[in-house]
Amino acid sequence: AATGGYAETVTGLSAGTEYEFQAVIDTPQDTYTGTPTVTFTTDSVAVTTNEATGVGTGSATLEGNLDALGTADADVQFEWGTTGNVTDNTTTAQNLTATGAFSESLTALTPGEEYEFRATADDPDGPAGAVNSVQGSVLTFTLDDLQVSTTTVSAASATEIDFTGEITVNEDGGSANVGVEYQETGQSGFN
């Protein structure tokens, strides 16, 4: 006979529910159940981290979903930072009274930088009055490293105009073509 450890993941459980479990060995000769039976309660809140949206050169929108709600409400927020530093920053908590999506916009981020983030939820009415905190998976996004802006328009005449602007490229040393697109106001289809 062999001895050793075992591991099993059980999915499909309900949030905030007490369960009991025991080990089972099923052989061709018989079925054996382990002792003792152990009880546990699943978290009363559940949260998922979703992919960031609107990722640009200096901003992004963090997305999450409150999948299961505690007894009445839950406080949700995001932890975020540069890669390896997910807990460096925390967004302002939002109090939700129903499950569903939530988001937070970040600005003034460093172009070309990779960031990581995760959604979190706190149920103020956890077991025995304790705050029950859960975290979603850690996801990453990388900001664009090229930024172009028009800063001045000068030398306008009846048929031509001069533009000047600013180009910001992260330190990757790559090359880029720069130009101007235009269209009549209210029309669609830049030239």
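**Notebook: a predicted chain of strands**

I began with the surface: the chain exposes about 12,700 Å², and carbon and sulfur atoms supply 46% of that area. Accessible areas come from the Shrake-Rupley method with a 1.4 Å probe, and for residues only the protein chains shown count as cover.

I noted that this is a predicted model, where local features need pLDDT of at least 70, side-chain atom pairs count only at pLDDT 80 or more, and totals for chains, interfaces and linings use all residues. Residues are numbered from 1 along each chain as its sequence is written, and side-chain values use heavy atoms, with hydrogens and water left out.

**Confidence**

I looked up pLDDT (the predictor's confidence in each residue, from 0 to 100). The chain has a mean of 82, and 79% of its residues reach 70 or more. Where pLDDT is low, the predicted coordinates should not be read in detail.

**Fold**

I found 15 strands and 0 helices. Both are DSSP runs numbered from the N terminus: helices are H or I with at least four residues, strands E with at least two. Of the 191 residues, 24% count as buried (under 20% relative accessible area, 1.4 Å probe, protein chains only). I then took contacts (heavy atoms within 4.5 Å). Among those between residues at least 6 apart in sequence, 54% join residues at least 24 apart.

I picked Phe102, in strand β10 (residues 100-106). Phe102 counts as buried because its relative accessible area is 4%. Beyond four places in sequence, its contacts include Val47, Leu62, Val76, Phe78 and Ala119. From Phe102 to Phe78 I read 24 residues in sequence and 9.9 Å in space, C-alpha to C-alpha.

Next came Thr120, in strand β11 (residues 114-123). Thr120 is buried too, with a relative accessible area of 4%. Among its contacts beyond four places in sequence are Val47, Val76, Gln77 and Val134.

**Largest pocket**

I read its volume as about 260 Å³. A pocket is an open set of points on a 1 Å grid over the protein atoms alone, with protein on both sides within 12 Å along at least five of seven lines; lining residues have an atom within 4 Å of a point. The lining includes Tyr6, Leu13, Tyr19, Phe21 and Phe40. Strand β1 (residues 18-21) gives the most to this lining, with 3 residues.

Note on methods. 1 Å grid on protein atoms, 1.4 Å probe; cavity = no way out; pocket = protein on both sides within 12 Å on 5 of 7 lines; lining within 4 Å. Points joined across faces, edges and corners; volume = space filled by probe spheres on them. Buried < 20%, exposed > 50% of the residue type's maximum accessible area, 1.4 Å probe, protein only.
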